[in-house]
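Dear colleague,

I am passing on the structure we spoke about, and you will find it just below. My notes on what was found in it follow, grouped by region.

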Amino acid sequence: MPKVAVIKSIHPSAIKLLKNNSKFEFEVIEDFSKENLIKKLPSFDAVTLKTAKLDNEIINNCKKLKIISRHGVGFDNVDINAVKTNNITLTITTNSNATAVSEHVMFMILNISKGINVYDKIVREGQFLDRNKIDKSFELWNKKILIVGFGRVGKSLISKCQAFGMKVYVYDPFIDKKIIENFKGTKIDDLNEFLKETDYISIHAPLNEETKNLINISNLRTMKKSSIIINTSRGGIVNEKDLNEALNKGLIHGAGLDVFEKEPPDKNNPLLKNKRILFSPHSATFTNECMERMGVETVENIFDFFEKKLDKSKIVKL
Ligand SMILES: NC(=O)c1ccc[n+]([C@@H]2O[C@H](COP(=O)([O-])OP(=O)(O)OC[C@H]3O[C@@H](n4cnc5c(N)ncnc54)[C@H](O)[C@@H]3O)[C@@H](O)[C@H]2O)c1
């Protein structure tokens, strides 16, 4: 009978699925220190994985391991070479995250555009009439937004932007123009040219050699002073130091960040003092609904793998 290690507990609905399936045994492992994982994991056939790190040494030590089922879509915490060498299947929860992330992007866009944190503060502090001294807020209607990366999240975001009357442009060299047009978006070929005219930019591409520092001081300098950048994808795609400089110099209006170059960011990171940035702690998927979907999909991917009916789209191509 396959043994499943649940590395750090997942949603109760997912645990219930495991309890109710007599074809599998499972154990929840809360201590995900390297020493403990090296000691515990060799007897397991499958693992569910949240943010614990599975490095080369841990994976090479797991001779029975056949599947790593990631709770999420990123897999930067897994040593890919070790996964390949040991012929392990790595799956992700492709159906669970996009709605929560795209809603989070809309929340950040609206929050920053409407300056709601400042308005809320002056009302609480009895400074109601200071409303006249504060920069006016922005409407979304008729504004241009550039979505960088048109995968699951980008596709989920487009209709939400359109519902607010925004004109949506997409930069994704790997997606055909026709697909973008089917979503009533416009494909952009030259990112830097378009940055000069867009009002908003939202990042949904993976972090890799091509996307690292994609947004940097040279293109930030060309953007509209009223523009707003949202990054819920991966830290490092927007260069943090350059973003801070651009905001401090008034080159752009604001930014929303759910992700950081280093997580958690250092307490003395100057970015954290910047009032023009709205932060969240890599929590775009932390809705009750999304956590339940991710947990259930993580477990179902393991069941499907052993029952030989795993959808290929769930497997990370290595
Ligand atoms: N904040 C969070 O909690 C959270 C949650 C889910 C996903 N994410 C991250 O968001 C990103 C997008 O997730 P997804 O599920 O939509 O991924 P996805 O794989 O479905 O889509 C990524 C898209 O990026 C495109 N792309 C690749 N290289 C590019 C480049 N150089 N320029 C422009 N586009 C490029 C791909 O063609 C693809 O269409 C990932 O990095 C993921 O890790 C973050």
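Where is the place of asparagine 213? Asparagine 213 sits in the loop that runs between strand 9 (200-203) and helix 10 (217-220). Please bear in mind throughout that this is a predicted model. The phi of asparagine 213 is near 55 degrees, which is a positive value in a residue other than glycine, and because asparagine 213 has 16 C-beta neighbours inside 10 Å, it counts as partly exposed.

A second residue of this kind is lysine 184, a residue other than glycine with a positive phi, near 65 degrees. Lysine 184 belongs to the loop between helix 8 (177-182) and strand 8 (186-187), and it counts as exposed because it has 11 C-beta neighbours inside 10 Å. Among the backbone details there is also a cis peptide bond, from glutamate 263 to proline 264, with omega near -10 degrees; proline 264 is placed in the loop between strand 11 (254-257) and strand 12 (277-279).

As to the overall layout, the protein is divided into domain 1, which takes in residues 3-96 together with 288-314, and domain 2, which covers 98-279. The C-alpha centres of domain 1 and domain 2 are 33 Å apart.

The ligand is surrounded by 29 residues, of which the closest are Gly74, Gly149, Gly151, Val153 and Phe174. By type, the residues of this shell divide into 13 nonpolar, eleven polar and five charged. Helix 7 (residues 152-163) gives the most to the shell around the ligand, with three residues. The buried residues of helix 7 are Val153, Gly154, Lys155, Leu157, Ile158 and Cys161, and what covers them includes helix 5, strand 6 (144-148), strand 7 (167-171) and strand 9. Just after helix 7 comes glycine 165, which takes a positive phi of about 80 degrees.

Turning to the nonpolar cores, the largest holds 47 residues, and within it Ile147, Val168 and Ile229 touch the most other members. Helix 5 gives the most to this core, with seven residues. If its neighbours within four places in sequence are left aside, valine 168 is in contact with Ile145, Ile147, Ile158, Cys161, Gln162 and Gly185. Apart from this core lies another, made up of 27 residues, among them Leu41, Val47, Leu54 and Leu90.

Lastly, helix 12 (residues 288-306) may be worth a look on your side. Helix 12 has 19 residues and reaches 28 Å from its first C-alpha to its last, which is close to the 27 Å expected at 1.5 Å a residue. Its buried residues are Cys290, Arg293, Met294, Gly295, Glu297, Thr298, Val299, Asn301, Ile302 and Phe305. These buried residues of helix 12 pack against strand 1 (3-7), helix 1 (12-20), strand 3 (46-49), strand 4 (67-70), strand 5 (89-91) and helix 5 (98-114). Helix 12 is followed by lysine 308, whose phi is positive, near 55 degrees.

With best regards

Note on methods:
Residues numbered from 1 in each chain as written. Predicted model: local features only at pLDDT ≥ 70, side-chain atom pairs only at ≥ 80, totals over all residues. Near = placed C-beta within 6 Å. Helix = DSSP H or I, 4+ residues; strand = E, 2+ residues; numbered from the N terminus. Nonpolar A, V, L, I, M, F, W, Y, C, P; charged D, E, K, R; others polar. Expected span 1.5 Å × (residues − 1). Buried ≥ 20, exposed ≤ 12 C-beta atoms within 10 Å, placed from the backbone. Contact = placed C-beta atoms within 7 Å. Domains from an automatic or database assignment. Core = buried A, V, L, I, M, F, W, Y, C linked by C-beta atoms within 7 Å.
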